[in-house]
Amino acid sequence: MTSPEYAPIPPSALGPAVNDQGYYVGRVERNLYYVTDSVYQAAFLATPDGVVMFDAPPSIGHNLQRAVDEVAAAEGVSNKVTHLVYSHHHDDHSGASSLFGGDVVRIGHEETKRLLLRDGNPARPAPDITFADQYTLEVGGERVELAWHGPNHSPDNIYIHFPGHDTLMFIDVVNAGWVPIYNTNLSEDVPGYMGAPAIALSYPWTHFICGHLGRLATRDDVAVHQQYIADIEASAREALASVDPVPFYTAAWPNFWAGVKGHLDAVTERTAAPVVAKYTGVLAAADIEIFTYTTSFAIMQSLRLDSGPSGPVHP
Ligand SMILES: [Zn+2]
């Protein structure tokens with residue numbers, strides 16, 4: 001079944017078919033694997049000393065252990081998950097954590113711990129091991145480098161580098177082959193979100209686990225996403241400079257908020273329309289205009305409020 005009101009999704013934006021139980025598990029490199037239900041992704045390292053799980057999306061749920069069992073049986077290694085690394089605190093990437101019980105060692109950023117304790121959801125226990133900037137995890141002869149480089153999608157979102165597997169896992173910023181969903185992919189720190197792909201590209205890697213949809217990402221996917229965001233930023237700068245706010249406020253006076261709406265809607269429209277046109281057929285779902293419009297709004301507001309100026313100084 002397809003959505004008749006939208007353009008067809010290019011096959012290159014789709015991942016492998018899932019099995020009868022609704023998951024696909026694929027080798028990334030050597031003993032690093034990723035699991036997807038076509039919308040969410042997790043990953044795991046199958047070592048001689050046990051399995052290290054990276055994220056536990058509830059939509060994959062019990063299929064995480066099924067995927068581990070499948071690989072462990074084929075490779076003749078333990079299927080016991082001994083460690084679980086949180087990319088960030090959001091429930092949609094961690095809500096199946098409690099399926100792995102109380103003995104698994106959970107690892108995450110110190111802010112992930114604070115936020116999980118705040119949220120108090122027993123489905124996602126707070127990490128036992130936390131770090132502020134960097135943490136090296138060594139299990140079964142494998143090394144994983146965890147790093148926090150500032151807030152982006154969430155305050156606690158970390159970079160997970162697998163130097164022995166030529167892979168970076170970084171969640172909820174780049175959607176391989178697809179546009180971000182609403183509001184810069186539901187991000188809290190817009191300048192951090194906009195700068196994150198350059199940090200991701202500063203690591204050496206060939207394979208990128210982005211957390212969403214069905215396939216792994218490439219460096220080219222990250223570059224296309226970066227260009228999409230750069231195009232929105234350039235378009236927003238142009239629109240902010242060229243749309244005259246005065247007529248909107250004059251027409252709406254004394255309903256100042258109606259003036260705000262008229263002005264900002266016009267800036268958003270002028271920002272987003274050319275970007276939607278450019279990326280339809282390039283990034284999947286670019287023709288779902290609300291995504292680029294809300295991302296344009298978020299970036300345009302960040303240009304005003306974070307970068308400044310927010311407006312002219314009264315004479
Ligand atoms: Zn998230």
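Reader: Leaving aside neighbours within four places in sequence, which residues is Tyr 33 in contact with?
Author: First, a caution: this is a predicted model. Tyr 33 is in contact with Val 25, Gly 26, Arg 27 and Val 28, and also with Ala 43, Phe 44, Ala 46 and Val 71.

Reader: How many residues are in the largest nonpolar core?
Author: It has 81 residues. Tyr 33 is among those with the most contacts inside it, along with Ala 43, Phe 44, Met 53 and Ile 160.

Reader: Which helix gives the most to this core?
Author: Helix H9, residues 289-307, with seven residues.

Reader: And where does the core lie relative to domain 1 and domain 2?
Author: Between them. Domain 1 (15-168) and domain 2 (229-307) both give residues to the core, so it lies between the two.

Reader: Switching to helices. At what angle do the axes of H5 and H6 cross?
Author: Roughly 155°, and the axes come within 10 Å. H5 is residues 190-201 and H6 is residues 219-242. Angles over 145 degrees count as roughly antiparallel, so H5 is roughly antiparallel to H6.

Reader: Is the crossing left-handed or right-handed?
Author: The crossing of H5 and H6 is left-handed.

Reader: Which residues meet there?
Author: From H5, Met 194, Pro 197, Ala 200 and Leu 201. From H6, they meet Arg 219, Val 222, His 225, Gln 226, Ile 229 and Glu 233.

Reader: Now the backbone. Which residues does a cis peptide bond join?
Author: Trp 253 and Pro 254, with omega about 5°. Pro 254 sits in the loop between helix H7 (246-252) and helix H8 (256-279). A cis bond also joins Gly 308 and Pro 309, where omega is about 0°. Pro 309 lies in the segment after H9.

Reader: What about phi of Asp 55?
Author: It is near 70°, a positive value in a residue other than glycine. Most residues other than glycine have a negative phi. Asp 55 is in the loop between strand S4 (50-54) and helix H1 (63-75).

Reader: Is Asp 55 buried or exposed?
Author: Asp 55 is buried, with 29 other C-beta atoms within 10 Å. The cut-off for buried is 20 or more.

Definitions and conventions
Residues numbered from 1 in each chain as written. Predicted model: local features only at pLDDT ≥ 70, side-chain atom pairs only at ≥ 80, totals over all residues. Core = buried A, V, L, I, M, F, W, Y, C linked by C-beta atoms within 7 Å. Buried ≥ 20, exposed ≤ 12 C-beta atoms within 10 Å, placed from the backbone. Helix = DSSP H or I, 4+ residues; strand = E, 2+ residues; numbered from the N terminus. Domains from an automatic or database assignment. Contact = placed C-beta atoms within 7 Å. Axes fitted to C-alpha atoms, helices over the stretch in contact; angles between N-to-C directions. Parallel < 35°, antiparallel > 145°, perpendicular 65-115°, else oblique. Left-handed = near helix turned anticlockwise from the far one by under 90°.
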